Amino acid sequence: MTLPQPTEPTEEGGGPGLRRDDVSSACRSVLDEADPLAKVKAARQAARDWRLGRLDWAFTTPMPDRPARSDRPPLLPPSRMPRRGRAGSARARIAMLHALAHIEYVAIDLAFDLIGRFGASFPHRFVDQWMKVGAEEAMHFALLERRLNAYGARYGDLPAHDGLWEAAETTAADPLARLAVVPMVLEARGLDVTPSLISRFEAADDMRSGRILRRIAEDEIGHVAAGVEWFRFLCDRERIDCVQNWQLQVRRHFRGTIKPPFNDSSRAKAGLTKEMMAGVAAPCDLSHTNFVAEGGAIPDRG
Ligand SMILES: [Fe+2]
Ligand SMILES: [Fe+2]
């Protein structure tokens, strides 16, 4: 959080001589933190300040084109990501935890960028929900970092995928596009791949990592559902067809392919119907389903 600056007292309070933060400055303070644990702290602080009514409903601070990043982990294009070691080995599990921690780290920025960039055009409840999402992403990161520590590793030890912010850049001008792609495509992909990751950890007798991933998977259904809810809100407000528009936005703004098989029950809980998926899904190719564990690419979600 930025420190209170001396200024005139405001009607909203904040005490004489103290300027209150607003929603956008609180979000910006998260995006400007490069250090992972400082980012987690800033995210929790922003969510708490919002919950306690300490942030003004104002959007005076612009969001950055790219969030702050430290030189650890080194960011590589997906094609240059190293292989992750023999399946079932501790090295492979560390690599999986590291890839997932990186996704959660970027997901913190994605949540606060969404609020700070687009929150002004939504009701307060939008900020309620996405502040909660941002705080959950911070918690997910912290849980995975702790698991890495238990393996004698830490976030930053391995290279990470440098493609995760791309979707934020290509949808920076339009909340309809942002919601269509980030929660409804990228985060939804996590719902599909997480069950196989849980099985891999549990098969290696790492029940604690399995439990963490179950917890994350439950939370992520809520994140996708929030995306669907606010995407529908915008479609209703603009009196446009939600399903057709989602498919249009995905074709226009998402460069990857949406690969089955899908986790239909988790997707249905989040409000992503089979009808919606049918219009955008690539032909089924089972060779892509375990790509986290196999090395190479990682699931693009938070
Ligand atoms: Fe998420
Ligand atoms: Fe997450």
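Select Arg239 to begin: Arg239 is exposed, with 6 other C-beta atoms within 10 Å. (A residue is called buried if 20 or more other C-beta atoms lie within 10 Å of its own, exposed if 12 or fewer, and partly exposed in between, with C-beta atoms placed from the backbone.) You'll find Arg239 in the loop between helix 7 and helix 8. Check its backbone too: Arg239 has a positive phi of about 55°, although it is not a glycine.

A word on what you have open. This is a predicted model, where local features need pLDDT of at least 70, side-chain atom pairs count only at pLDDT 80 or more, and totals for chains, interfaces and linings use all residues. Residues are numbered from 1 along each chain as its sequence is written, while chains are lettered from A and ligands numbered from 1 in the order in which they are written.

**Another positive phi**

Now hop to Asp205, in the loop between helix 6 and helix 7 (207–238). Asp205 has a positive phi of about 70° and is not a glycine. Is Asp205 buried or exposed? It counts as exposed, because it has 8 C-beta neighbours inside 10 Å.

**Zoom out**

Color by pLDDT, the predictor's confidence in each residue, from 0 to 100. The protein averages 88, and 87% of the residues score at least 70.

(Helices are DSSP runs of H or I, at least four residues, and strands are runs of E, at least two, numbered from the N terminus.) Follow the chain along and the pattern reads α-α-β-α-α-β-α-α-α-α-α-α-α. Of the 302 residues, 44% are buried. Take the contacts between residues at least 6 apart in sequence, and 78% of them join residues at least 24 apart.

**Helix 1, on the inside**

Select residues 23–31, which form helix 1. How many of its residues are buried? The count is 9 of the 9, so helix 1 is largely enclosed by the rest of the structure. The cover over these buried residues includes helix 2 (36–51), helix 3 (90–118) and helix 4 (124–150).

(Angles under 35 degrees count as roughly parallel, over 145 as roughly antiparallel, 65 to 115 as roughly perpendicular and the rest as oblique.)

Show side chains for the contact: helix 1 brings Val23, Ser24, Cys27, Arg28, Val30 and Leu31, and helix 3 brings Ile108, Asp109, Phe112, Asp113, Ile115 and Gly116. By class, these residues are 7 nonpolar, 2 polar and 3 charged. (Ala, Val, Leu, Ile, Met, Phe, Trp, Tyr, Cys and Pro count as nonpolar, Asp, Glu, Lys and Arg as charged, and the others, Gly among them, as polar.)

**Helix 6 meets helix 8**

Next, select residues 175–203 (helix 6) and 242–253 (helix 8), whose axes come within 9 Å and cross at roughly 85°. That puts helix 6 roughly perpendicular to helix 8. Helix 6 makes the contact with Leu176, Ala177, Ala180, Val181, Met184 and Val185, and helix 8 with Trp246, Gln249, Val250 and His253. This contact has 8 nonpolar, 2 polar and no charged residues.

Move on to Ile258, in the loop between helix 8 and helix 9 (264–270). With 16 other C-beta atoms within 10 Å, Ile258 is partly exposed. Leaving aside residues up to four places away in sequence, Ile258 touches Val185, Val280, Ala281 and Ala282. Draw a distance line to Val185: the two C-alpha atoms are separated by 7.6 Å, though the residues lie 73 apart along the chain.

Stay in this loop, as Pro261 is there as well. The peptide bond from Pro260 to Pro261 is cis, with omega near 10°.

**Last stop**

Finish at Pro73, in the loop between helix 2 and strand 1 (75–76). Here the peptide bond from Arg72 to Pro73 is cis, with omega near 0°.

Terms used. Two residues are in contact if their C-beta atoms, placed from the backbone, lie within 7 Å. Axes are lines fitted to C-alpha atoms, for helices over the stretch in contact, and angles run from 0 to 180 degrees between N-to-C directions.
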